[in-house]
Amino acid sequence: MAPLLLGAVMLVAQLQLVPSRPAVVPGDEPGLPELVRKAAALQEEISDGAAPNGSAQQLPQTIIIGVRKGGTRALLEMLSLHPDVAAAENEVHFFDWEEHYSQGLGWYLSQMPFSAPHQLTVEKTPAYFTSPKVPERVHGMNPAIRLLLILRDPSERVLPDYTQVFYNHVQKRKPYPSIEEFLVRDGRLNVDYKALNRSLYHLHMQNWLRFFPLRRIHIVDGDRLIRDPFPEIQKVERFLRLSPQINASNFY
């Protein structure tokens with residue numbers, strides 16, 4: 001099954017496909033100038049409203065944007081070993097869920113952990129990477145934000161993506177088609193199948209690069225993170241300009 005998936009994904013990756021949903025043109029997203037103004041005002045309120053011990057909730061300076069089933073949870077937990085990192089506990093889904101985004105930055109801020117002034121606040125929502133509206137919205141909040149993207153072999157990533165949904169259906173005693181039925185439709189590769197579409201990294205990356213230069217995005221090798229995590233975390237520390245506090249003894 002894995003060779004079939006690898007061949008399918010590689011075939012698609014070589015084609016110049018267009019996303020299943022149109023990309024956002026800069027300036028199309030309503031209210032972004034107002035979002036920038038509110039972000040600046042919130043940062044001033046944070047400074048004025050800090051707790052007596054100096055801690056406060058801060059908008060994230062770093063976001064782990066994806067990819068789903070790429071190892072985002074492992075990356076966040078490893079990064080949380082650093083004393084200068086404060087991580088949000090749950091996936092916030094602020095920029096990709098309209099019911100959250102419509103509540104504004106004040107709501108987003110309320111989802112963040114309390115942190116000291118010197119700490120880096122990190123949020124993780126893997127769905128951000130493949131959501132067309134998210135890059136412009138994140139840029140509107142903070143164009144200087146540092147983004148972490150963890151990727152695995154695209155065919156290997158499809159398998160756990162399918163399996164998670166499959167077992168959810170099994171637990172509910174609901175039928176679920178085989179992965180082959182999703183991969184091929186009417187004799188053609190089904191690029192609208194979400195699990196496969198998420199592995200078309202180049203399509204989604206193009207959307208992010210329209211709003212952020214590559215120097216603002218650090219790509220973590222998810223396969224290497226599993227085999228030998230320490231060198232990958234060292235690279236993340238350097239990208240985030242954190243002092244080297246995580247040691248090899250944390251992993252081996």
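A residue counts as buried when its relative accessible area is under 20%, as exposed when that area is over 50%, and as partly exposed in between (1.4 Å probe, protein chains only). The structure is a predicted model, in which local features need pLDDT of at least 70, side-chain atom pairs count only at pLDDT 80 or more, and totals for chains, interfaces and linings use all residues. Residues are numbered from 1 along each chain as its sequence is written, and side-chain values use heavy atoms, with hydrogens and water left out.

Zooming out for a moment, the protein chain has 12 helices and 9 strands; these are DSSP runs (helices H or I, at least four residues; strands E, at least two), numbered from the N terminus. Of its 252 residues, 46% are buried. Contact here means heavy atoms within 4.5 Å. Among contacts between residues at least 6 apart in sequence, 77% join residues at least 24 apart.

Back to Thr 72, which sits in helix H3. Leaving aside neighbours within four places in sequence, Thr 72 is in contact with Ile 64, Gly 66, Val 67, Lys 124, Pro 126 and Ile 150. Thr 72 also turns up in a UniProt record: an unreviewed entry lists Lys 69, Gly 70, Gly 71, Thr 72, Arg 73 and Arg 152 under "binding site". These residues span 84 residues in sequence, yet no two of their C-alpha atoms are more than 13.5 Å apart, so they gather at one spot. UniProt positions follow the numbering used here, feature names are shortened, and annotations may be inferred rather than shown by experiment.

Gly 71 lies in the loop between S2 and H3 and is partly exposed, with a relative accessible area of 25%. Lys 69 is placed in the loop between strand S2 (62-66) and H3, and is partly exposed too, at 31%. The unreviewed UniProt entry also gives Lys 69 the feature "active site". Not counting residues up to four places away in sequence, Lys 69 touches Arg 152, Arg 157, Pro 160, Asp 161 and Gln 164.

Next comes helix packing. Two packed helices are described by the angle between their axes and the distance between the axes. The axes of H3 (residues 72-79) and H12 (residues 229-239) come within 11 Å and cross at roughly 70°. H3 and H12 are therefore roughly perpendicular to each other (65 to 115 degrees; under 35 is roughly parallel, over 145 roughly antiparallel, the rest oblique). Leu 75, Met 78 and Leu 79 in H3 meet Pro 229, Ile 233 and Val 236 in H12.

Finally, the aromatic rings. Rings of Phe, Tyr and Trp (its six-membered ring) pair if their centres lie within 6.5 Å, with planes under 30 degrees apart counted as stacked, over 60 as edge-to-face and the rest as tilted. The whole structure holds 16 aromatic pairs. In one of them, Phe 94 and Tyr 108 have ring centres 4.4 Å apart and planes at 10°, so the pair is stacked. Phe 94 is buried, at 0% relative accessible area, and Tyr 108 is buried at 0% as well. For Tyr 162 and Phe 182 the centres are 6.2 Å apart and the planes at 65°, so that pair is edge-to-face.

Terms used: Axes are lines fitted to C-alpha atoms, for helices over the stretch in contact, and angles run from 0 to 180 degrees between N-to-C directions.
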